[in-house]
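Work through the exercises below using the sequence and the coordinates. Each task is followed by a solution in steps.

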Amino acid sequence: MGVWSAPGRANLIGEHTDYNDGFVLPFAIQHRTAAAVRLRVDGRIRVASTFAEEPVEVALDDLETLFPSDGAAGRAQGPTVPEWAAYPLGVAWALRALVPAWAAGTFAGIDIAIASEVPVGAGLSSSAAIEGATGAALNELWGLGLDAVSLAQAGRRAENEAVGAPTGIMDQMASTLGQADAAVFLDCRTLETRSIPLGFAEAGLEVLVIDTGVKHAHSTGGYRERRESCERGAAALGVAALRDVTEADLPRAAELLDDVDFRRVRHVVTEDQRVLDTVAALAAHGPRAIGDLLVASHASMRDDFEISIPELDTAVDTALAHGAIGARMTGGGFGGAAIALVDHDRVPAVSEAVRTAFAEAGFAEPHLFTVVPSAGPHRDV
Ligand code: GLA
């Protein structure tokens with residue numbers, strides 16, 4: 001019996017590049033999800049959560065029936081467990097699939113109780129935090145000895161195949177590899193990572209999150225469509241993934257693709273370059289040098305990838321007008337949160353200006369708080 005926890009994440013830059021084999025630069029945040037887990041002897045798994053009144057209980061051996069291994073199509077018929085339960089159950093399923101069948105039979109049953117302080121639907125990866133906490137717990141209690149990358153991969157598999165959201169691996173890698181005061185620079189093709197010192201506190205900067213309160217779900221609609229545009233773009237250009245396209249190839253892409261697909265491709269290609277430029281700017285000049293890259297990233301998501309919403313644009317524009325060094329929406333889009341890099345002393349003024357702008361535009365009141373680059377999963381008790 002014990003308690004394990006894992007963080008949510010904010011993405012500093014590199015949006016919708018992960019499933020294109022590209023680059024991302026997220027960091028884990030101080031908001032965490034905790035999983036209290038104990039073994040049981042009857043081969044059953046029960047999950048309870050502060051998200052729901054009723055726990056969900058199944059036999060471990062039934063997980064393979066619950067989540068058939070035929071990709072997201074397995075969930076096309078609709079969930080047979082509530083969506084919140086598919087995250088921890090999906091992690092248990094993905095971890096069992098990593099060990100030989102004879103060993104899977106020897107796994108003890110488990111009880112899992114989940115509580116989270118990561119805001120849900122804010123684009124801060126509450127789902128990766130659940131996956132990370134569950135994965136860390138089962139890795140230890142089942143004696144699997146898996147490393148952080150394998151646990152991230154199991155989390156992504158749960159999300160893709162058990163929940164049915166066609167997401168990339170950024171969120172899980174950010175959560176499992178997070179370090180204090182640093183971002184995770186990830187090459188999503190090779191899964192190589194580098195810890196990038198951020199130095200926000202030293203530079204007197206805060207990351208202000210502006211959660212619009214507009215909820216999004218990546219298992220439906222726009223996220224999947226964006227992914228399909230990217231796949232069409234890569235196929236038309238004859239490459240494995242948009243990672244293999246550079247800005248020099250864009251004129252050719254413009255000839256081969258329709259306007260919408262072209263703009264989707266241009267976002268991904270320029271965003272990959274912005275991630276590399278951000279890493280270089282941080283190393284050469286520190287965090288005050290990255291503002292323009294954040295702003296350009298937001299413009300690209302608003303105009304080319306079309307995943308922003310008026311609330312996010314208002315958050316970004318208002319923060320910039322009141323002295324933020326940079327600002328952009330973070331996460332998958334269609335709702336969720338923006339981040340703004342703001343001088344410590346200006347946080348109250350920027351926050352007040354954003355609240356006023358939201359009220360004047362008739363938007364729901366935003367939720368504002370600061371986040372701090374923080375450590376990955378650990379055992380708490
Ligand atoms: C969501 C997904 C990630 C990534 C982002 C967009 O957070 O879970 O894999 O694609 O959207 O960058």
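**Exercise 1.** List the residues that arginine 274 touches, not counting residues up to four places away in sequence, in this predicted model.

Solution. Step 1: arginine 274 belongs to helix α9. Step 2: with neighbours up to four places away in sequence left out, arginine 274 touches Ile13, His267, Leu293, Ala296, Ser297 and Ser300. Step 3: two side-chain polar contacts are found for arginine 274, one to glutamate 271 at 2.9 Å and one to serine 300 at 3.1 Å.

**Exercise 2.** Decide whether arginine 274 is buried or exposed.

Solution. Step 1: the relative accessible area of arginine 274 is 10%. Step 2: buried means under 20%, so arginine 274 is buried.

**Exercise 3.** Describe the surroundings of the ligand.

Solution. Step 1: the ligand is surrounded by 13 residues, the closest being Glu15, His16, Asp18, Asp171 and Tyr223. Step 2: the shell holds three nonpolar, six polar and four charged residues. Step 3: a ligand oxygen atom lies 2.5 Å from an N or O atom in the side chain of aspartate 171. Step 4: the ligand taken alone exposes 310 Å², and the protein buries 97% of that.

How values were computed
Residues numbered from 1 in each chain as written. Predicted model: local features only at pLDDT ≥ 70, side-chain atom pairs only at ≥ 80, totals over all residues. Heavy atoms only, no water. Helix = DSSP H or I, 4+ residues; strand = E, 2+ residues; numbered from the N terminus. Buried < 20%, exposed > 50% of the residue type's maximum accessible area, 1.4 Å probe, protein only. Polar contact = N/O pair within 3.5 Å; in protein donor to acceptor, adjacent residues only side chain to side chain. Contact = heavy atoms within 4.5 Å. Near = heavy atom within 4 Å. Areas by Shrake-Rupley, 256 points an atom, 1.4 Å probe, with all protein chains shown as cover. Nonpolar A, V, L, I, M, F, W, Y, C, P; charged D, E, K, R; others polar.
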